[in-house]
Amino acid sequence: MWVVFKKEIRSFLGSFIAYIVMGVFLIITGIFMWIIQENNVLDLGIASLQVMFNIAPYILIFLVSAITMRSLSEERRLGTIEILTTRPVSDTSILLGKYFAAVGLIVFTLLPTLFYYYTIQQLADPLQGIDNGATWGSYLGLILLAASYASIGLFASSLTDNQIVSLIISMVLCFFWFGVLSLLGDVKALDVIGKSLEWFSLDFHYQSISRGVLDTRDIVYFLGFIASFLGGTKLVFESRKW
Amino acid sequence: MSIQVKHLSKRYGNQWAVNDLSFDIPTGEIVGFLGPNGAGKSTTMKILTGYIPATSGDAVVCGFNLNTDSLAVRKRVGYLPEHNPLYLDMYVTEYLQFSAGMAGVSKVKSAVENAIELTQLLPERNKKIGQLSKGYRQRVGLAQALIHDPEVLILDEPTSGLDPNQVVEMRNVIKNLGKNKTVLLSTHIMQEVEAMCNRVILLNHGKIVADNTLDGLKKTSPNDSLETIFRNLTSHVGSI
């Protein structure tokens with residue numbers, strides 16, 4: 001598994017997509033945090049990273065999908081999948097290696113935003129008056145959310161040998177599970193059904209963790225979500241054997 | 001026996017790609033898999049390397065049944081798939097290190113050196129695979145197949161698309177490897193078999209139409225060239 005993991009990280013850092021994707025993420029969150037009028041941290045005058053945590057899920061849809069789009073589709077297009085799967089390594093370890101590489105890269109991309117945390121901590125009055133519970137909770141939520149996106153992305157990548165198709169499928173699925181489902185809760189006509197559907201959305205549990213209260217149900221939801229999509233990926237990946 | 005195949009069949013949809021194939025290959029033999037396109041050569045090789053399972057029948061490689069011990073087989077088999085798929089943006093050494101890791105080799109460095117030497121990749125070792133000529137790419141493909149010093153080598157059209165000089169070099173490399181390994185290679189060129197193999201298995205429409213030594217095959221119709229024998233055997237069965 002670690003051989004695949006290492007190769008994925010290396011090949012990703014050796015490509016331009018990596019730096020573009022990471023750069024875009026930091027630039028956009030930076031603009032929203034500090035520059036855009038009215039809503040930025042300085043104008044709001046609230047010592048929190050809430051602005052970033054509100055916008056990040058949407059940027060991550062693009063970011064994570066771009067990271068995972070090639071992971072399996074490229075192997076299929078090149079035909080290297082045939083070499084990969086005839087090595088004495090199980091399909092599960094290949095997929096997990098690829099999955100953890102994607103998650104690792106996302107965590108790596110999120111690391112520079114810790115500077116924002118430090119900056120706000122220093123700006124706050126009283127000094128360091130930032131709500132730590134909510135901040136770390138939100139970080140955990142963001143990582144779990146990104147990890148869920150990554151499982152969707154890997155699944156999308158297993159469906160096709162075309163990177164662009166994979167990117168689009170992944171973004172649509174991510175947006176559906178994050179945005180569309182949670183909006184259904186607001187539709188009055190759907191009433192209870194809408195509310196229950198909302199419970200299945202990623203947003204619902206992301207918000208819940210962001211409040212800084214660790215609820216096992218949220219963690220279980222995220223882990224179950226990831227496991228389901230990885231399971232689906234494995235199913236598609238092994239469909240060659242049918 | 002390195003490879004034992006018993007009543008092997010593979011069906012895609014309602015078409016039989018491989019139909020009731022049986023043959024044995026003893027250790028140390030170089031066997032040529034011959035046949036027109038679509039005869040089932042690649043499919044059989046994909047089954048023998050554990051890429052896809054057979055619909056029915058058994059394949060035993062190095063004493064392990066592929067239906068039950070795929071991983072054990074994969075440890076002992078080196079495989080060069082058709083069209084030689086490679087990561088073009090990786091460096092030769094980097095790729096071979098990756099291959100060694102995937103094959104579970106413990107001494108990666110010496111395995112890579114060994115493979116580079118065997119395939120005479122030395123002058124190109126620090127280049128990106130995408131920069132290599134077709135002949136050298138083919139050698140990289142071969143190098144990854146033998147990185148773990150496998151007992152059995154399965155090579156799907158190892159010389160296709162090479163120029164005449166490269167073909168000769170490639171044949172020499174394979175012949176050398178065949179001295180202490182079992183090699184199963186596929187081709188649809190008769191001379192190829194003549195130059196490298198002890199024995200030929202001729203496939204057509206998923207069935208064996210001849211399994212013989214080269215001399216034995218020639219004796220079946222002494223007046224014809226190998227090419228004519230090939231044509232006779234494959235077009236005949238096909239039209240009926």
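In this predicted model, the axes of helix α9 (residues 132–159) of chain A and helix α13 (residues 216–237) of chain A come within 9 Å and cross at roughly 15 degrees. Axes are lines fitted to C-alpha atoms, for helices over the stretch in contact, and angles run from 0 to 180 degrees between N-to-C directions. Helices (H or I, at least four residues) and strands (E, at least two) are DSSP runs, numbered from the N terminus. α9(A) and α13(A) are therefore roughly parallel to each other (angles under 35 degrees). Residues in α9(A), including A:L144, A:I152 and A:F155, meet residues in α13(A), including A:F222, A:F229 and A:V236; contact requires C-beta atoms, placed from the backbone, within 7 Å.

Residues are numbered from 1 along each chain as its sequence is written, and chains are lettered from A in the order in which they are written. Local features need pLDDT of at least 70, and side-chain atom pairs count only at pLDDT 80 or more, while totals for chains, interfaces and linings use all residues.

In chain B, 6 strands form an open sheet with mixed pairing, in the order β6-β7-β8-β3-β9-β10. Two strands pair if DSSP finds at least two bridges between them. The edge strands are β6 (77–80) and β10 (207–213) of chain B. Neighbouring strands are turned by 15 degrees against each other on average, direction ignored. β6(B) runs parallel to strand β7 (residues 152–156) of chain B, joined by 4 bridges. B:G78 stands opposite B:L153 in β7(B). Helix α5 (residues 134–145) of chain B packs on the sheet and touches β6 and β7 of chain B. The direction of α5 makes about 160 degrees with that of β6(B).

Note on methods: Angles under 35 degrees count as roughly parallel, over 145 as roughly antiparallel, 65 to 115 as roughly perpendicular and the rest as oblique. Two residues are in contact if their C-beta atoms, placed from the backbone, lie within 7 Å.
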